[in-house]
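Me: I would like to learn how to read helix packing and domain annotation. Please take me through an example.

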Amino acid sequence: MPRYFTDEHEWIDVDGDVATVGITDYAQGQLGDIVFVELPAVGTAIEAGKDAAVVESVKAASDVYAPITGEVTEVNPALEEDPALVNSAPESDGWFFRMTMADSSQLEGLMDDAAYKDFVASL
Amino acid sequence: MNAPNQSGWKPAMIVSEDGMHSGPQTTTGNRALMLEEPLLFEIGRAEVTGVDLPPVDVNAPTRLAGLARSEPLGLVGLTEPETVRHYTRLSRQNYGIDLGFFPLGSCTMKHNPRLNEKIARLPGFADVHPLSPQNAVQGALEVISELGGWLCTLTGMPAVAMSPKAGAHGELCGILAIRAAHEARGDAREVVLVPESAHGTNPATAAFANYRVEDIPATPEGRVDVEALKARLGPDVAAVMITNPNTCGLFEKDFREIADAVHEAGGYVYCDGANFNAIVGKVRPGDLGVDAMHINLHKTFSTPHGGGGPGSGPVVLSEALAPFAPLPFVRKDDAGTFYLVEEENREERGPSFGRMTAFHGQMGMFTRALTYMLSHGADGLKQVAEDAVLNANYILRSMEDILHAPFAGSGPCMHEALFGDKDFTGGLSTLDVAKGLIDEGYHPMTVYFPLVVHGAMLVEPTETESKAAIDQFITAFRAVVERALAGDEGLKQAPYYAPRRRLDETAAARKPKLAFEG
């Protein structure tokens, strides 16, 4: 299952028509302890590059942007009770939401694992 | 530079091997005459009271129709000395501007002159009631009018709404006036643009007023990206909200150009005036094309805040927005009598968008702010801005050799100096520096804001501090920063000497305990 990354530190897994979105390990490290995650409602149409969720740490509240355009089909119910999952398992159990993919060509503008590693190293 | 402790006196402190305790544990938990304080619920008993009320001797029927409480409230009783001591003990653990330097960036924690307090306590001001007959409170109405006149003069704006009770309340007032002005000509604009260098309350205000908020990026120099902003302007943009000077501590030098472009596109310009202290007496926002700007009397004009008093956020308005100002407002008739324009004055109220507060604003702050203005005079207010900016630049230039100062190359800063934690080692961060400063006896600066700087530290000294006081702060700040640069593990445990050690902010946010469980 291919994984892509944005320069705003979201990751996106693509499995057929469904994409799973979360924030990267680097992002959670920068944010510090996550205390609250606000997820979009199922059915929300979200647009690539626009706000999709909000993540709040002890330091600040930050927007999470939609990596691609589509519709939210599922949100991670575990994050409401246990936002710390974003710190402990950001790139697995700490996923944020699943969405449909309106235009798979949008993935071409994203980074693969190696490119994202280089990007983080450059920061 | 003055040494922070010129006599060289040191307390006789016993530090245990782990550096955690400053002496043997006491039986009571008190440290000398610094007293630990339990919660009111822990010291009170149901059987005592500080008030001697007569027994109820009427047997009137209740009109609550079965809704009357049948269980006791569960409030504890306290004697008067217990109550007085509880709050006095807590006040000794508090920190405020009357105790020392308070460099909280973007908050303008300046000295609250005692003359302000004296004037505000005059019975004619302190004892007025908002429903008093207007002919009995002409002096109070004149204070509101006179203060409004000073605010218009200082900002170069034609009108002012005095009733908003805080900075963000003033923002809402300005944005509601902008909404009313657009709607009055049938223009349904939906978007408010907010640059990254603006105050965090700005997007919140726009969203609260039912606008969609869009960000405008900052340039690497820390100012609004003018080209990006111009590119986004269009028939859907109702307003732009710009903080000037901005939260990077910089003056938005392209403000006039931005304002002209916004006006040309049919929008209005809201200026967040929270940082007006840096430019009061030097720059008139009206000359920059501002349509609405709130002024925090509790910052620039020295009225208390931060737990010490209520805010007050009058809003100056341009000719275009003035007709939509909220009720009530003070006017003077031809005979020189002051009167209030309220809902029933149908002709004079015009297209006002309505009312933001029950009455006329924070009267107690109006008397203090006007006292501050009159005691400083126009020349004194100008010097306030000059000294505040000089102090901030002194701190910026005294720290930039060891502390990352991302915008130090953008020219002089205004009221505040902005630093980042880029060069810290050993996993140390801005939070550790903030806690280390508490041990050194300083309230920390604003941290982790603005978001455009990694590990931001925003220091605003105001004009209050003397050079000696600022030198002492710089000595302490440099010492703590040196520890962070060197990766000093001990700093991660700070504060050592505060009444409580480092609190678990994560647990407090994730699992807050909001009620006392006895």
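Me: In which hand does α12(B) pass α13(B)?
Reply: A crossing is left-handed if the near helix is turned anticlockwise from the far one by less than a right angle, and right-handed if clockwise. Here α12(B) passes α13(B) in a right-handed crossing. The model is predicted: local features need pLDDT of at least 70 and side-chain atom pairs count only at pLDDT 80 or more, while totals for chains, interfaces and linings use all residues. Residues are numbered from 1 along each chain as its sequence is written, and chains are lettered from A and ligands numbered from 1 in the order in which they are written.

Me: At what angle do the axes of α12(B) and α13(B) cross?
Reply: Helices (H or I, at least four residues) and strands (E, at least two) are DSSP runs, numbered from the N terminus. Axes are lines fitted to C-alpha atoms, for helices over the stretch in contact, and angles run from 0 to 180 degrees between N-to-C directions. Helix α12 (residues 430-439) of chain B and α13(B) cross at roughly 140 degrees, their axes coming within 9 Å. That makes α12(B) oblique to α13(B), since angles under 35 degrees count as roughly parallel, over 145 as roughly antiparallel, 65 to 115 as roughly perpendicular and the rest as oblique.

Me: Which residues make the contact of α12(B) with α13(B)?
Reply: Two residues are in contact if their C-beta atoms, placed from the backbone, lie within 7 Å. From α12(B) come B:Asp432, B:Val433, B:Gly436 and B:Leu437, and from α13(B) residues including B:Phe477, B:Val480 and B:Arg483. By class, this contact of α12(B) with α13(B) has seven nonpolar, one polar and two charged residues. Ala, Val, Leu, Ile, Met, Phe, Trp, Tyr, Cys and Pro count as nonpolar, Asp, Glu, Lys and Arg as charged, and the others, Gly among them, as polar.

Me: How are α11(B) and α13(B) oriented to each other?
Reply: The axes of α11(B) and helix α13 (residues 467-485) of chain B come within 11 Å and cross at roughly 30 degrees. The two helices, α11(B) and α13(B), are therefore roughly parallel to each other. Their crossing, α11(B) with α13(B), is right-handed. Among the contact residues are B:Tyr394 and B:Ile395 of α11(B) and B:Ile474 and B:Phe477 of α13(B).

Me: In which hand does α5(B) pass α11(B)?
Reply: Helix α5 (residues 138-155) of chain B packs against helix α11 (residues 363-399) of chain B at about 55 degrees, with the axes 9 Å apart. That makes α5(B) oblique to α11(B). The crossing of α5(B) past α11(B) is left-handed. Its contact includes B:Leu147 and B:Trp150 of α5(B) and B:Phe366 and B:Leu370 of α11(B). The residues of the contact of α5(B) with α11(B) divide into ten nonpolar, one polar and one charged.

Me: Where does UniProt place "domain: Glycine dehydrogenase C-terminal"?
Reply: UniProt positions are given in the numbering used here, feature names are shortened, and annotations may be inferred rather than shown by experiment. The UniProt record (unreviewed entry) places this feature at residues 386-482 of chain B. Over residues 386-482 of chain B, the chain is 41% helix and 8% strand.

Me: What does UniProt place at residues 18-100 of chain A?
Reply: The UniProt record has "domain: Lipoyl-binding" (unreviewed entry) there, at residues 18-100 of chain A. The end C-alpha atoms of residues 18-100 of chain A lie 5 Å apart, and the span is 18% helix and 42% strand.
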